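Me: Can you walk me through this one? Keep it quick.
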Amino acid sequence: MKKTAVMKFTVESLERKPRVDRVLKDFGISYSPPEPFIIKGGYVVIDYDLRIPYEPAILESLMTKLSFVEDGELDFRLVFQFTEHELTTSPLFRVPSIGNIEQRLFMAG
């Protein structure tokens, strides 16, 4: 099973962008937000969409270092990817249903 952390957040300041980029670089994350920056009501909006391997200690440290990003809410989630072998052999993925049982469960009479 492969675990990936997904972090999405928005920076609404060109002054903060270099600071965010420096933190990401310090963690070995090379990410450039999409161009052009979107202008909303006179504000510059820079959207970050990071997908990084799940390592709890590294993620905790990264989120602490990015705590200065207050413009938008941080969206954090985990994505799990399973191999074909894991899907076919794990009892977790074998869920029987009445439609799969060939014999009758209830007999009238």
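Me: What helices and strands does the protein chain have?
Reply: Three helices and four strands. Helices are DSSP runs of H or I, at least four residues; strands are runs of E, at least two; both are numbered from the N terminus. The order along the sequence is β-α-β-β-α-β-α.

Me: And what sort of model is this?
Reply: A predicted one: local features need pLDDT of at least 70 and side-chain atom pairs count only at pLDDT 80 or more, while totals for chains, interfaces and linings use all residues. Residues are numbered from 1 along each chain as its sequence is written, and side-chain values use heavy atoms, with hydrogens and water left out.

Me: How much of the protein chain is buried?
Reply: 23% of its 109 residues. Buried is under 20% relative accessible area, exposed over 50%, partly exposed in between (1.4 Å probe, protein chains only).

Me: Which residues of the largest nonpolar core touch the most other members?
Reply: Phe9, Val20, Leu24, Leu62 and Leu66, out of 18 residues. Such a core is a set of buried Ala, Val, Leu, Ile, Met, Phe, Trp, Tyr and Cys residues joined through side-chain atoms within 4.5 Å. The largest share of this core, five residues, comes from β3.

Me: What does valine 20 contact?
Reply: Beyond neighbours within four places in sequence, Phe9, Val11, Tyr48, Leu66, Phe68 and Val69. Contact means heavy atoms within 4.5 Å.

Me: New topic. Where is phenylalanine 82?
Reply: In the loop between β4 and α3 (84-89).

Me: Is phenylalanine 82 buried, partly exposed or exposed, and what is its relative accessible area?
Reply: Partly exposed, at 34%.
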